[in-house]
Amino acid sequence: MVDAAVRPNTTPAEPNESASVRLDVDAVTDLLLGTWGDTRREAREMIKDSAFWRKDELGKDEHRERVLSQLHLLVDNKAVHRAFPKRLGGEENNGANIAGFEELVTADPSLQIKSGVQWGLFGSAVLQLGTAEHHDKWLPGIMSLEIPGAFAMTEIGHGSDVAAVGTTATYDPETEEFVINTPFRGATKEYLGNAALHGIAATVFAQLITNGVNHGVHCFYVPLRGENGVDLPGIGREDDGLKGGLNGIDNGRLSFDHVRIPRTNLLNRYGDVAADGTYSSAIDSPGRRFFTMLGTLVQGRVSLDGAASWASALGLKIAITYATQRRQFDGVDGQEVVLLDYGKHQRRLLPRLATTYAQIFAHDEFLQKFDGVFSGRTDTPADREDLETLAAALKPLSTWHALDTLQEAREACGGAGFMFENRLVGLRADLDIYVTFEGDNNVLLQLVGKRLLTDYAKQFTGKDAAALAKFAVGQTAGKLFHGAGLRQFGQSVADFGQVARSVENGLREEQQHLLLAERVQQMVADIAARLRPGAKDKALGSRLFNENQAELIEAARAHGELLQWEAFTDAVHRVEDPDTKKVLTWLRDLFGLQLIEKHLAWHLINGRLSMQRAAAVSSYIDRLCARLRPHALDLVDAFGYEPEHVRAPIASGAEKERQDEARAYYAALAASGDAPIQEKALKQKKR
């Protein structure tokens, strides 16, 4: 049963104000589609063709072949060339490439990911890690799909820990060849798209060993099949079979039994081996070299962040449309109530809508950063480090949010949401793997946490003892101030009056930002203080880090949420129409306040909110939900999806037709005088 036991909110906050405000849907669509809006529209127009759509009735094998045929359609539509060199027929437009790629998630996530494997991982490895010689030799075939390939990085025994992969590439100077080998089962390359069936080559990440020295992980172009279509000697290939989702992709395993490849198949942009076996690299530090190579492949995380955000948008478009049409339980006027008029239903969907908006706006800023770095306009070590940190901060939040949102949307649609034809269960299953694609989310957030600690420590570089002592006193004073429960934001008087109104007035933009930002700063400062005793004791440092790992990851998550809130706020400031700005401000406030509500215990413990104001946060969120209720359908319509993108019967208007038919039937029956008397009414009449 759909969450209908909770009675509707019949007295929404400021009903006249909300009803008189009009959202400019087209303007909000432009805002959401962002910097590469034209590319997104172009991609959406292309995938209106049903040839790109997922066919739910297909089995695994048929689904795989359909997705392969769809990749050929992408080539025919010139939808895969955007990131590649102009001299090879590309456009060198990295931001547009990612934007167009993300839109494929609405057609079929298997299509999106398989195309990402082919051109975003396999092709990108050749482009980013190879040189002009490699580009000329292989990129034309990769772009045309004459060379379908796998991206062989992950191993059964090492997922996120790429530096520790077991596969080896040992140089033989006598033949001027590398010998690619899988020395043990755990070094088998695993979960690789295109590996089970379609791939005829792979970019393989392996430990480069020459003259008895291991120079760390490098990438090699390894042919898998000969011209006769038969796997080459030493190539081991296994099929992963059915998975929890994305079954249109032929994921599989690759292993190598002393497979020999030419020396020139080393993708040698960052490290090379001469004919005599001498290793050379422009980057002297092995650690920095490794992270530089991996940093060139960051676009996988960029695209997953965007695709997950838009998948959430699609789920909410379906669920909120249905919630404005489906009726259940009589209201005070005797008519059945639409689901979205129930306060609980608003609470289930509208904060998730606010979060999705925040993530889409943050993603566009993220994509601008990516395009700047990869175009060369802002390609500095600092910019690349910032880009990698952004990717590690935002991809976990958006992929987790997608799973949560799609599940809640499914439940909010009751049994109808469980029907495969209504998209929600299929999207939820397909996006499940996004939370561990391109790095486990917790591992990524740990990287962000370490960066936050590093930046925190830089504040004290070169400071003298007096300055450090002054900082320590300030920290202690801050602890005492907050620990004493002293109120911030002028709470003392206001909180004893109209508390809900006081929350509205006292937790607007500036105060939301302060609360969110100070939480990150305080958490990082506290963790740094706890880690300090282990600075000179390696064993103690390791133990302290492990003890604080969970809180460090939580601080990184808070940092990502702050970035999203700031991006949402920047977007609101760009809006000129007063009514549209007002609605989006309410939606931004809903996003900010639900973050504060989620961490109320922290804000109370650290004295950032009074008890009275903290207690009123939830009730004010309810007021915001009621205020946004009249605009909910416009807000999901602003995602810009057309019926060919949605393809969910419950969001097609069919539910409204059913409900209208039922209401018309009962109205006509009552007017005819033939309606049966309800037993309950009869008994009341006799009293």
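Me: Where does Gln659 sit?
Reply: This is a predicted model, and in it Gln659 belongs to helix H25, which covers residues 654–672.

Me: Is Gln659 buried or exposed?
Reply: Gln659 has a relative accessible area of 10%, and because buried means under 20%, Gln659 counts as buried.

Me: And what is Gln659 in contact with, leaving aside neighbours within four places in sequence?
Reply: With those neighbours set aside, the contacts of Gln659 are Gln325, Arg326, Arg327 and Glu336.

Me: Switching topic, where is Asp379?
Reply: Asp379 lies in the loop that runs between helix H10 (343–375) and helix H11 (381–412), and with a relative accessible area of 35% it is partly exposed.

Me: Which residues is Asp379 in contact with, beyond its neighbours within four places in sequence?
Reply: Asp379 is in contact with Gly372, Val373 and Arg384, and the side chains of Asp379 and Arg384 are also joined by a polar contact of 2.6 Å.

Me: How far apart are Asp379 and Thr264 in space?
Reply: Their C-alpha atoms are 27 Å apart, while in sequence Asp379 and Thr264 are separated by 115 residues.

Me: Back to H11, then: how does it pack with H14?
Reply: H11 and helix H14 (residues 441–458) have axes 9 Å apart and pack at an angle of about 140°; angles over 145 degrees would count as roughly antiparallel, so this pair is oblique, and the crossing is left-handed. Among the residues making the contact are Thr389, Pro396 and Trp400 of H11, together with Leu444, Leu445 and Arg451 of H14.

Me: What about H10 and H19, at what angle do they pack?
Reply: H10 packs with helix H19 (residues 538–573) at an angle of about 85°, the axes being 8 Å apart, and the two helices are therefore roughly perpendicular to each other.

Me: Which residues meet there?
Reply: On the H10 side they include Ala354, Tyr357 and Phe361, and on the H19 side they include Gln564, Phe568 and Ala571.

Me: Which residues touch the most other members in the largest nonpolar core?
Reply: Those are Tyr357 and Phe639, in a core of 166 residues. Not counting residues up to four places away in sequence, Tyr357 touches Val28, Leu32, Phe568, Leu584, Leu587, Leu635, Ala638 and Phe639. Apart from that core lies another, of 23 residues, including Ala150, Leu192, Ala206 and Phe220.

Methods. Residues numbered from 1 in each chain as written. Predicted model: local features only at pLDDT ≥ 70, side-chain atom pairs only at ≥ 80, totals over all residues. Heavy atoms only, no water. Helix = DSSP H or I, 4+ residues; strand = E, 2+ residues; numbered from the N terminus. Buried < 20%, exposed > 50% of the residue type's maximum accessible area, 1.4 Å probe, protein only. Contact = heavy atoms within 4.5 Å. Polar contact = N/O pair within 3.5 Å; in protein donor to acceptor, adjacent residues only side chain to side chain. Core = buried A, V, L, I, M, F, W, Y, C linked by side-chain atoms within 4.5 Å. Axes fitted to C-alpha atoms, helices over the stretch in contact; angles between N-to-C directions. Parallel < 35°, antiparallel > 145°, perpendicular 65-115°, else oblique. Left-handed = near helix turned anticlockwise from the far one by under 90°.
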